[in-house]
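Dear colleague,

Please find below the sequence and structure that I am handing over to you. My account of what was found follows directly after them.

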Amino acid sequence: MNNTTLAFFIWSLCGLLFLARGIYCMYAKKEVPFGFWANADVAPVSNVPAYNRALGKLFTVAGVLFILLGLPLLSEQNKSSIIISILGAMVESIVLMAVYTVKIEGKYRRKKGEPPH
């Protein structure tokens, strides 16, 4: 196994972790909302199953995109195309945070006085 294949393999494992987390979030039967941020409490959620499905879809898409962004790692060593992977992962992270904050948390955050479902 050469260096480029090993690098892509490790990159893909990270993407598969996102994918596995997404699938788990989508199909979990828990009535507890899953968290997005590390070491932070989840805001009160009005519809936990729908919130978990939306978060699972977000993580699943993130995992697939992350693996696709690693494809330039398969090219020859010391190639400048690696910048696509690095910058793409940074942009993907920023977009994930924005989508979670604006779309998912904004839609499912429980308003004051609203009973939980």
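A residue is called buried under 20% relative accessible area and exposed over 50%, and it is partly exposed in between. By that division L6 is partly exposed, because its relative accessible area is 39%. Please bear in mind throughout that this is a predicted model.

Overall architecture

The protein contains 3 helices and 0 strands, and its pattern along the sequence reads α-α-α. Its C-alpha trace extends about 60 × 25 × 20 Å along the principal axes. The radius of gyration is 17 Å, whereas a compact globule of 117 residues would have one near 13 Å. Of the 117 residues, 35% are buried.

Helix α1 covers residues 3-27, and L6 lies in it. L6 also belongs to a nonpolar surface patch, together with M1, F9, I10, L13 and L16. The accessible area of these residues together is about 610 Å².

A7 is likewise placed in helix α1. With a relative accessibility of 30%, A7 counts as partly exposed. Between A7 and Y24 there are 17 residues in sequence and 26 Å in space, taken from C-alpha to C-alpha.

Where does Y51 lie? Y51 is in helix α2, and it is buried, with a relative accessible area of 1%. The C-alpha atom of Y51 is separated by 9.3 Å from that of C25, and the two residues are 26 apart along the chain.

K57 is another residue of helix α2. Is K57 buried or exposed? K57 is exposed, because its relative accessible area is 51% and the cut-off for that class is over 50%.

Which residues form the positive surface patch? The patch consists of K29, R53, K57, K103 and K107. Two elements give two or more residues to this patch, namely α2 (48-69) and α3 (82-108).

How many salt bridges are counted? The count comes to 1 salt bridge. E105 forms a salt bridge with R109, and their closest N and O atoms are 2.6 Å apart. The two partners fall into separate accessibility classes: E105 is buried, at a relative accessible area of 18%, while R109 is partly exposed, at 39%. The value for E105 places it in the buried class because the limit there is under 20%.

R110 is located in the segment after α3. Its relative accessibility is 29%, so R110 counts as partly exposed. From R110 to M90 the separation is 20 residues in sequence and 30 Å in space, C-alpha to C-alpha.

Summary

In brief, the predicted model has the pattern α-α-α and a radius of gyration of 17 Å. Its surface carries a nonpolar patch that includes L6 and a positive patch that includes K57. E105 and R109 are joined by a salt bridge.

With kind regards

Key: Residues are numbered from 1 along each chain as its sequence is written. This is a predicted model: local features need pLDDT of at least 70, side-chain atom pairs count only at pLDDT 80 or more; totals for chains, interfaces and linings use all residues. Side-chain values use heavy atoms; hydrogens and water are left out. Patches are made of residues with over 30% relative accessible area and no salt bridge: like charges are joined within 9 Å, nonpolar side chains (Val, Leu, Ile, Met, Phe, Trp, Tyr) within 5 Å. Accessible areas come from the Shrake-Rupley method with a 1.4 Å probe; for residues, only the protein chains shown count as cover. A salt bridge is a side-chain nitrogen of Lys or Arg within 4 Å of a carboxyl oxygen of Asp or Glu. Lys and Arg count as positive and Asp and Glu as negative; His and the chain ends are not counted. The place of a charge is taken as NZ of Lys, CZ of Arg, CG of Asp or CD of Glu. Helices (H or I, at least four residues) and strands (E, at least two) are DSSP runs, numbered from the N terminus. Buried means under 20% relative accessible area, exposed over 50%, partly exposed in between (1.4 Å probe, protein chains only). The radius of gyration is taken over C-alpha atoms; the globule rule is 2.2 Å times the number of residues to the power 0.38.
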